[in-house]
Amino acid sequence: MDVACIGITSVNGYPLAMEERFERMARAGFGAVLLWWGDGEPLTRRQRVDLANRYGLRIENAHAPTDGVNALWADTAAGDAPLRMLCGALDDCAHCSVGRLVVHLTSGAQPPAVTAAGTRRIERLVERARNCGVQLAFENMRASAHVCHVLDAFDCETVGL
């Protein structure tokens, strides 16, 4: 049975080493952590997971990198790079026993239109997540059309908000 607890993000703007952040979070009474899965951290993803475990912080989710996500919707090969990046994040979640990956479908104030090419890429991502045993939590950003489209198109336990 899961016990309710309060979580905090690992990326909080404090200029502290990850170990000191996690130690302070645990000491302050936080029971869970939301891990940034993108660049900018000196520790590997596995090291971040191990550190959270060492301080007794349950990993609520990992947040996927957001670089280039608008290209997912392009009807060109440019959309394959962010798909590979997201698939790699999923694989690392599975390898590190992180059960949920937060994903942005767009970035910026002017996202591209929803396209069939993007939907096919998201279908591949959903299938990969299903095979990895990881839930995808699509984050609702400035524009809701993409999230609504994905939630309607992929009505399954693997996909959520």
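How many bridges join strand β4 to strand β5, and do the two run parallel or antiparallel? This is a predicted model, so keep that in mind throughout. The count is 5 bridges, between β4 at residues 100-104 and β5 at residues 135-139, and the strands run parallel. Now follow the chain.

Strand β6 covers residues 159-160. It is joined to β5 by 2 bridges, and this pair is parallel. Ala137 has Gly160 as its bridge partner in β6. Leu136 stands opposite Val159. Helix α5, residues 145-153, belongs to this part of the chain. Together, β5, α5 and β6 form a right-handed β-α-β unit.

Now the whole sheet. It is open and has 6 strands. The order reads β1-β2-β3-β4-β5-β6, and the pairing is parallel. Which strands stand at the edges? They are β1, residues 7-9, and β6. Each has a single partner strand, so one side of each has no neighbour in the sheet. As a reminder, strands of a sheet pair through backbone hydrogen bonds.

A helix packs on this sheet: α2, residues 45-54. It touches β2 at 32-36 and β3 at 58-63. The direction of α2 makes about 170 degrees with that of β2.

Next, a helix pair. Two packed helices are described by the angle and the distance between their axes. Here the helices are α3, residues 80-95, and α4, residues 116-132. Their axes come within 10 Å and cross at roughly 10 degrees. Angles under 35 degrees count as roughly parallel, and α3 and α4 are therefore roughly parallel to each other. Who makes the contact? From α3, it is Asp80, Leu83, Leu86, Cys87, Leu90, Asp91 and Ala94. From α4, it is Arg121, Arg124, Leu125, Arg128, Ala129 and Cys132. By type, that is 8 nonpolar residues, 5 charged and no polar.

Last stop: the loop between α3 and β4, where Ser97 lies. Ser97 is not a glycine, yet its phi is positive, at about 60 degrees. Is Ser97 buried or exposed? Exposed: its relative accessible area is 68%, and the cut-off for exposed is over 50%.

Conventions
Residues numbered from 1 in each chain as written. Predicted model: local features only at pLDDT ≥ 70, side-chain atom pairs only at ≥ 80, totals over all residues. Heavy atoms only, no water. Axes fitted to C-alpha atoms, helices over the stretch in contact; angles between N-to-C directions. Helix = DSSP H or I, 4+ residues; strand = E, 2+ residues; numbered from the N terminus. Parallel < 35°, antiparallel > 145°, perpendicular 65-115°, else oblique. Contact = heavy atoms within 4.5 Å. Nonpolar A, V, L, I, M, F, W, Y, C, P; charged D, E, K, R; others polar. Pairing = 2+ DSSP bridges. Right-handed = clockwise from strand over helix to strand, strands pointing away. Buried < 20%, exposed > 50% of the residue type's maximum accessible area, 1.4 Å probe, protein only.
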